[in-house]
Amino acid sequence: MIVNCVYVHVKKDVIEDFIKATRENHLESVMEEGNLRFDLIQKDGDPTRFMIYEAFESPEAADFHKTTAHYLRWRDGVKEMMADQRMGVRYTVIEPSDRKQW
């Protein structure tokens, strides 16, 4: 399993627009083959900070996600909403190691 944690700092005046755009991306992403999770999380105490937690069955599924129309639409649509460049960090899951627990 591959997990991507994407850290996003959004401009204060577009928080709701960012949430709306990311919800639309979420709804499409969770239907992708190989997608296990796609969570949007907002930081307590700082509503301009978000993390997108994505879990995929394989590196190929994670890479495929970045080629989809909904991802490209999201990426281009939220670009000007960012206060800083977003940062994605990819992890390989060690536990749970049993696919049935994913």
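Predicted model: local features only at pLDDT ≥ 70, side-chain atom pairs only at ≥ 80, totals over all residues.
Mentor: Residues are numbered from 1 along each chain as its sequence is written, and side-chain values use heavy atoms, with hydrogens and water left out.

Trainee: In what order do the four strands of the open sheet run?

Mentor: Strands here (E, at least two residues) and helices (H or I, at least four) are DSSP runs, numbered from the N terminus. Two strands pair if DSSP finds at least two bridges between them. The pairing in this open sheet is antiparallel, and the order is E2-E3-E1-E4.

Trainee: Which strands stand at the edges?

Mentor: Look for strands with a single partner strand, so that one side of each is left without a neighbour in the sheet. That picks out E2 (35–42) and E4 (87–92).

Trainee: How many bridges pair E2 and E3?

Mentor: E3 covers residues 49–56 and pairs with E2 in the antiparallel sense. Along it, aspartate 39 stands opposite tyrosine 53, and glutamine 42 has phenylalanine 50 as its bridge partner. The number of bridges is seven.

Trainee: Which residue takes a positive phi in the hairpin of E2 and E3?

Mentor: Most residues other than glycine have a negative phi. This hairpin has six residues between the strands, and the one with phi near 85° is glycine 45.

Trainee: At what angle do H1 and H3 pack?

Mentor: Axes are lines fitted to C-alpha atoms, for helices over the stretch in contact, and angles run from 0 to 180 degrees between N-to-C directions. H1 (residues 15–29) and H3 (residues 69–78) have their axes 9 Å apart. The angle is about 170°.

Trainee: Which residues in H3 meet H1?

Mentor: Contact means heavy atoms within 4.5 Å. On the H1 side you have Phe18, Ala21, Thr22, Asn25, Glu28 and Ser29. Their partners in H3 are His70, Tyr71, Trp74 and Val78.

Trainee: Is serine 29 buried or exposed?

Mentor: Serine 29 lies in helix H1 and, leaving aside its neighbours within four places in sequence, is in contact with Asn35, Phe38, His65 and His70. Buried means under 20% relative accessible area, exposed over 50%, partly exposed in between (1.4 Å probe, protein chains only). At 0% relative accessibility, serine 29 counts as buried.

Trainee: What joins the side chains of histidine 70 and glutamate 32?

Mentor: Histidine 70 is in helix H3 and is buried, at a relative accessible area of 10%. A polar contact is a pair of N or O atoms within 3.5 Å; within protein, one must be able to donate a hydrogen and the other to accept it, and residues adjacent in sequence count only if both atoms are side-chain atoms. The side chains of histidine 70 and serine 29 have one of 3.5 Å. For histidine 70 and glutamate 32, the link is a polar contact of 2.7 Å.
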